[in-house]
Structures are given as structure tokens and as C-alpha cells.
Amino acid sequence: MAYQVTLIPGDGIGPEVTDAAVRILEATGVKFEWERCNAGQEAYERYGEYLPKELLNSIERTRVGLKGPVTTPIGGGFASINVALRKHFELYANFRPIRNLPHIPTRYPDVDLIIVRENTEGLYSGIEHEVVPGVVESLKIITEKACMRIARFAFEYARKNKRKKIHSIHKANIMKLSDGLFLRCSRAISKDYPEITYGEHIVDNTCMQLVMNPYQYDMLLLENLYGDIISDLCAAFVGGLGLVPGANLGDTTAIFEAVHGSAPDIAGKNIANPTAMLRSALLMLRHLGEHDAAWRIRTALEKVYRQREKLTRDVGGKASTSQFADSVIEAMQSEQVPEPARA
Ligand code: NAI
């Protein structure tokens, strides 16, 4: 049986890193039927739509997407495709594990932090209008339904995966109603999970606390915009944006994508690090129940990182994107696969 997956290459470094991830996935022997559809500027030039119906129909069918980053124009232009996709398919949980890979020198070794970000509402929705010239309004809409379900998601994940602590991150000292609601819902849900320690930190303090001592946190539960910002901060703990994966999860659909964006500064040069995309693909494999294949890729990836010669330049190497992918495939093919110790 082949898995039908919607493949969205994206733009900028998107096609380079998705191509590398797809080659490595296919080298596991797991069969995929990729439905390739794009979004953003390239889709507009081809179909006259930034978010083409072909893409929505494909995800409707496959229920699983592997997505490269899509550029969102700054201060004008079309609205974010990423936000639109998350809303359209109610992908309410943005799940981002922050873990070190071997032999990448970082300020903090052995970071193991889970970020759970509400993915459908809040200021990040970009609901804005110009009231009169020189005055704009940006709406932060927070609902009890969305706050409850993201808190439930985080605590359920913690219980299933034996995580010990969740901190709800907020600015309820200033946004007393909106972030206040987020906090009230987090507190209410936390009562059902007495084995998990529940804490609350104000978001600005959290930035300082993270940089001082990231080990004090286990899981962070955040409203949309705070999750967006803190994810990039946490990426720096493990070597940068080229390494951190993500998953957008709903009740029926899941789209897997790296935390990073389209990186226009390095696009088209075959130098981007595909690790974040590959680790997102690993989350997809586990979602599909392909734990052995996920484990084989992970073992190969760690071997390449241990050897160091074939790393991309963002993590101190000289290899190109495609050379790095070749090395992971080679390592996978030469590796005796140990029993999975941790999925
Ligand atoms: P970015 O994440 O694209 O780049 C930030 C920095 O990290 C750059 O210096 C870049 O070279 C580096 N970087 C990112 N990914 C890398 C990789 N795989 N390997 C090596 N270096 C990497 O963030 P930026 O510049 O703020 O955003 C660029 C565009 O991407 C914007 O249009 C933004 O809206 C979009 N974006 C899209 C996302 C998505 O589709 N999910 C997520 C974040 C941003």
C-alpha cells in the first residue's frame, strides 16, 4: 500500500529541502503517492489563486500534507497561506519539539522542550483594517473553545508521553480578558491532570527565563503569536532554524512543516539545511504509524551529525543540501537498525 500525501514544496528554500526530505523518505522503502500542489506566488502565476482549490481538494482527500515554507509578503500583498491552511483544516495544535542533535556545539546541551502553540486565532490571524488614514485596528479574538482544546491537547500529550510540567505563557497582566481567558482554560484543564505540574509565566519574563535556564521548562503552552516568536528563540538552543521540526495537527488532518521560513537570503543556492524538514517528515512517519522507518532515518541522521564532514554550513559544515541528503541515505543503507528505544 502507498500512502497518499499532499506535497507542498513552497518557495524560497522550500523546494530544495522538501526534495531532500522526499528522497530520504523514499529510500526507506515506505511507498508514497505524492500529490504535488503548490501555494503562494508560484500557484498564483499558474492557477490565478494563491491558495488553489486543487491544493485544498488534495488535502481534503489525503488528510496528510508535507509542506515547505511559503513566503508571505511583508506589510502588504496577499494574506498568509500558512494561516489560511491552518484555519481551513482546523489544524489547531502546532507541535514543535526542540531537541539537540549530537555534536552540534550549542550553549545548552540536552535540551528537550515541547512547544504547543494555539494555531487558529489570536493576533496572528491578522484580522486588521484601516479605520481612517493613519489609524489601523488589529483584532485579537480568543475563544473558550480554542483555548480549551489546545490546553486539552497539551495535557493529553504530556500524559501519554510522561512529560512532567506544563507552563501556560501569557500576558494577562495587560490583556486581562483575552489572555485571561487563555489562562482560565489552561487552569481548568490542568485540574484533570494532577500528575502534571502546572505553572504560569508572563511571556516577557519567559524569554529571559528561557535564555537563563531552558531546563526549568518541560512543555510550553502558548497562544498563537507568542508561540510563533518563542519557537524561533528556542530553535537557537539546538543550533538554529535549520533543525527544528513542526506539525500542524487537527482532529482529521495533519500538515507537517519545519519551523523556519523560506529563507530568501540563501534560496536557490543548494545550501539550506534540510534537517528541520526531515525531522518534520519523521513526525509524519510516526503519525502514519511507520515507526521503523522513522527510527531508521533518525539513526542515520544522528550518524551523519556525529561524523560531521557532511553537514551544511549553518551547522559548521561545507556540504550542500543534496550532498547532506545523499549522506543520510548512505548512512541509512549501511546501518544495522537497532530496536527503537524512543519514538
Ligand atoms: P526564515 O526562517 O526564512 O529565515 C531566518 C534565518 O534563518 C535566515 O537567515 C535563514 O537563512 C535561516 N534559515 C532558515 N531556515 C534555514 C535552513 N533550513 N537552513 C539554513 N538556514 C536557515 O525567516 P524570515 O527571513 O523571517 O522569513 C522569510 C519568509 O518566510 C517570510 O516571507 C515569512 O513570512 C516566511 N515564513 C514562512 C513560514 C512557513 O511557511 N511556515 C514560517 C516562517 C516564515
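## Rings, cores and a buried glutamate

Searching the whole structure turns up 10 aromatic pairs, where rings of Phe, Tyr and Trp (its six-membered ring) pair if their centres lie within 6.5 Å, with planes under 30 degrees apart counted as stacked, over 60 as edge-to-face and the rest as tilted. This is a predicted model, so to speak of local features takes pLDDT of at least 70 and side-chain atom pairs count only at pLDDT 80 or more, while totals for chains, interfaces and linings use all residues. Residues are numbered from 1 along each chain as its sequence is written, and side-chain values use heavy atoms, with hydrogens and water left out.

Here are two of the pairs:

| Pair | Geometry | Centre to centre | Angle between planes |
|---|---|---|---|
| Phe32 and Trp34 | stacked | 4.7 Å | 15° |
| Tyr108 and Tyr215 | edge-to-face | 5.9 Å | 85° |

Phe32 and Trp34 are both buried (under 20% relative accessible area; exposed is over 50%, partly exposed in between, with a 1.4 Å probe and protein chains only). Ring pairs also bring in Tyr3, making a cluster of Tyr3, Phe32 and Trp34.

The tyrosine pair links distant parts of the chain, 107 residues apart: Tyr108 is in the loop between strands E4 (93-99) and E5 (112-118), and Tyr215 in the loop between helix H7 (203-212) and strand E10 (219-222). Helices (H or I, at least four residues) and strands (E, at least two) are DSSP runs, numbered from the N terminus. Tyr108 is buried at 14% relative accessible area, whereas Tyr215 is partly exposed at 42%.

Now for the cores, meaning sets of buried Ala, Val, Leu, Ile, Met, Phe, Trp, Tyr and Cys residues joined through side-chain atoms within 4.5 Å. The largest nonpolar core has 70 residues, and Phe32, Leu66 and Met284 touch the most other members. Helix H5 (residues 144-160) is its top contributor, with 8 residues. Domain 1 (1-100 + 239-343) and domain 2 (107-237) both supply residues, so this core lies between them; the domain bounds come from an automatic or database domain assignment. Another core, of 19 residues, lies apart from it and includes Tyr108 and Ile169.

Finally, Glu257 lies in strand E12 (residues 254-257) and counts as buried at 8% relative accessibility. The Glu257 side chain makes polar contacts (N or O atoms within 3.5 Å; within protein, one must be able to donate a hydrogen and the other to accept it, and residues adjacent in sequence count only if both atoms are side-chain atoms) with the side chains of Lys67 at 2.7 Å and Asn248 at 2.9 Å.
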